[in-house]
Amino acid sequence: MTGGRTLALGLCLVLLSGCASAHYVTLIPAKTSGECAATMSERDLHIGVALSGGGSRAALFGSAGLEALAGVRLDDGSSLLEHVTHLSSVSGGSIAAAHYALQKPGKDVKVLNPDGTLTAAYRTFFKQYREDLGQDFETALIWRQLLSFRWLNSALAARTLSEILAEKLYGTARLQTVATREKAGDSPGLIVNTTLYNNGRRLAATALPPDAFDYDFFADLERELKEQGSKLKPAPWMRERWKVIRPMTLIDIGADPCAFTMGGVVAASASFPPLVGPITMRVGQLESYWHAGDGGLYENQGLETLILLYLKQLQAKRAKRALILGFDSSYPFSVGERKLLRRSLPFSLLSFDFSRIPSIMEERASAYSSLFFATLQVQGVVPDPQTFTVMVLRHTDAKWAPDLSDLPPACQTEAERKTFEDADDVVERIAEIPTRLVIASECDRQLLATAARKVVAAHRDRILEFMRPR
């Protein structure tokens with residue numbers, strides 16, 4: 001009997017070891033000159049695309065947004081997509097951005113036919129792109145956690161996610177793979193954003209050097225104050241706080257970006273603690289550890305790194321203009337408000353959505369950051385909208401026909417059609433698509449794709465006007 005109990009206890013300890021084990025990833029120390037180091041070449045115009053966080057919802061909306069941009073034909077007959085220089089992504093958007101950077105056709109493949117339609121190569125690519133991103137990553141994650149005895153261990157869940165992403169999307173590709181494609185002109189530069197739990201700063205996984213993001217905000221501020229005849233001087237504490245805004249790179253923590261696997265990079269960005277991640281990293285044999293996870297905890301749109309990157313280029317006179325297009329499918333804060341207004345029950349451990357807590361902080365931070373940037377433009381500290389423009393395209397901003405004649409085919413079935421009474425119902429349906437690593441409803445998938453086409457079409461004239469030479 002005692003032997004049986006001992007065996008049972010031993011078996012339990014083995015099974016539960018996956019729950020308690022501490023695991024970290026060992027990164028290769030940075031070399032003096034990284035083999036995959038990218039540079040920012042001088043050019044008249046930079047175009048960046050940011051893909052927000054939001055699980056599979058963000059991946060599908062972002063991929064549909066890129067496809068819609070491919071159909072925007074410029075005055076010279078080329079596609080807008082051919083001129084995109086950088087992709088910046090967060091969480092679910094990183095799943096789409098990394099796959100695009102790895103798999104898109106090379107520079108020698110035309111995007112558009114002479115009549116403005118997508119070429120056969122790009123039609124084939126985008127069809128496969130949609131299918132790849134529409135896979136059920138969530139169920140695969142859950143089953144592997146259970147079958148590998150990694151239960152309840154969020155660090156191992158992040159490892160599981162990286163394995164699944166490698167198997168289903170990225171294979172053995174590393175950041176160096178994307179950097180090689182970028183240098184050949186076959187792909188835009190890639191910036192995958194995560195959050196460092198150590199210091200609360202953004203960690204940008206990219207081949208770009210750290211100084212690419214060193215925009216000197218105070219140089220522009222003091223120049224403008226001087227032009228206005230102001231005697232105000234920025235307080236020293238302001239300079240210290242500004243340092244927190246600049247993203248850190250893998251080189252900043254002493255790691256070689258070339259060797260980081262794409263599965264690991266995207267898993268770090270797309271993790272959602274405490275269920276998945278953060279990922280713990282150690283550089284070489286150093287006895288210090290970095291903990292990186294959910295890029296959306298810092299800023300969920302993926303815009304900030306691009307803003308700093310392009311402001312630096314404009315300030316250094318290495319670019320004349322910059323345009324950023326942000327595909328934002330963040331879970332709308334207003335959805336929670338509507339639900340709570342209808343809820344009479346008090347909060348309890350099992351019935352309260354605790355994501356509402358960081359969402360409140362995110363909503364406040366987002367409001368302040370947007371007002372801050374807009375104010376800087378109004379005051380002339382940063383370049384005006386004719387020189388530097390950020391356009392945010394939200395999945396909930398799509399306008400739908402009053403008679404709902406523009407619903408996609410999967411939403412026109414009898415079962416789906418009766419759930420929509422008017423256009424407001426469509427917007428609410430899109431807004432309430434949950435943040436998960438799977439979207440089971442084909443209607444929801446097609447709604448996201450249609451919404452992406454609609455918001456791009458709504459901004460088309462403004463985009464084309466900005467693209468015309470000054």
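# Loops, strands and backbone exceptions

Leucine 404 sits in the loop between β10 (388-394) and α14 (414-417); helices (H or I, at least four residues) and strands (E, at least two) are DSSP runs, numbered from the N terminus. The model is a predicted one, in which local features need pLDDT of at least 70 and side-chain atom pairs count only at pLDDT 80 or more, while totals for chains, interfaces and linings use all residues. Residues are numbered from 1 along each chain as its sequence is written, and side-chain values use heavy atoms, with hydrogens and water left out.

**Overall build**

- The protein has 16 helices and 10 strands.
- Its radius of gyration is 23 Å, close to the 23 Å that the globule rule gives for 470 residues, so the protein is as compact as a globular protein of that length. The radius is taken over C-alpha atoms, and the rule is 2.2 Å times the number of residues to the power 0.38.
- Along the principal axes, the C-alpha atoms fill a box of roughly 85 × 60 × 50 Å.
- Of the 470 residues, 49% are buried. Buried means under 20% relative accessible area, exposed means over 50%, and partly exposed lies in between (1.4 Å probe, protein chains only).
- Take the contacts between residues at least 6 apart in sequence: 77% of them join residues at least 24 apart. Contact means heavy atoms within 4.5 Å.

**Surface and charge**

- The protein exposes about 22800 Å², and carbon and sulfur atoms supply 58% of this area. Areas come from the Shrake-Rupley method with a 1.4 Å probe; for residues, only the protein chains shown count as cover.
- There are 53 positive and 52 negative charges, and their mean positions are 3 Å apart. Lys and Arg count as positive, Asp and Glu as negative; His and the chain ends are not counted. Each charge is placed at NZ of Lys, CZ of Arg, CG of Asp or CD of Glu.

**Strand β5 and its partners**

- In β5 (residues 202-205), Arg202 and Ala204 point one way, Leu203 and Ala205 point the other way, and all are buried.
- β5 pairs with β4 (residues 189-196) in the antiparallel sense, over four bridges. Two strands pair if DSSP finds at least two bridges between them.
- β4 and β5 form a hairpin with five residues between them. Glycine 200 in the turn has a positive phi of about 75°.
- β5 also runs parallel to β6 (residues 248-249), joined to this strand by two bridges. Here alanine 204 stands opposite threonine 249.

**Strand β2 and its partners**

- β2 (residues 43-51) is mostly covered, with seven of its nine residues buried.
- β2 pairs in the parallel sense with β9 (residues 319-328), over eight bridges. Alanine 50 has glycine 326 in β9 as its bridge partner.
- β2 also pairs with β3 in the parallel sense, over four bridges. Glycine 48 stands opposite histidine 86 in β3.

**Backbone exceptions**

- Most residues other than glycine have a negative phi, and most peptide bonds are trans.
- Leucine 404 is not a glycine, yet its phi is positive, about 60°. Leucine 404 counts as buried because its relative accessibility is 2%.
- Serine 91 also has a positive phi, near 50°. This serine lies in the loop between β3 (86-90) and α3 (92-103). Serine 91 counts as buried, at 9% relative accessibility.
- The peptide bond from proline 273 to proline 274 is cis, with omega near 5°. Proline 274 is in the loop between α10 (262-270) and β7 (279-283).
- Glycine 277 and proline 278 are joined by a cis peptide bond, with omega about 5°. Proline 278 is in the loop between α10 and β7.

**Two buried loop residues**

- Valine 111 lies in the loop between α3 and α4 (120-133). Its relative accessible area is 2%, so valine 111 is buried.
- Leaving aside neighbours within four places in sequence, valine 111 contacts Ala70, Ser79, Glu82, Thr117, Leu118, Thr119 and Tyr122. Valine 111 and tyrosine 122 are 11 residues apart in sequence and 6.1 Å apart in space, C-alpha to C-alpha.
- Glycine 295 is in the loop between β8 (289-293) and α11 (303-315). Glycine 295 counts as buried, at 0% relative accessibility.
- With neighbours within four places again left aside, glycine 295 contacts Val90, Asn193, Thr194, Thr195, Arg202 and Ser269.
- Glycine 295 and valine 84 are 211 residues apart along the chain, and their C-alpha atoms are separated by 22 Å.
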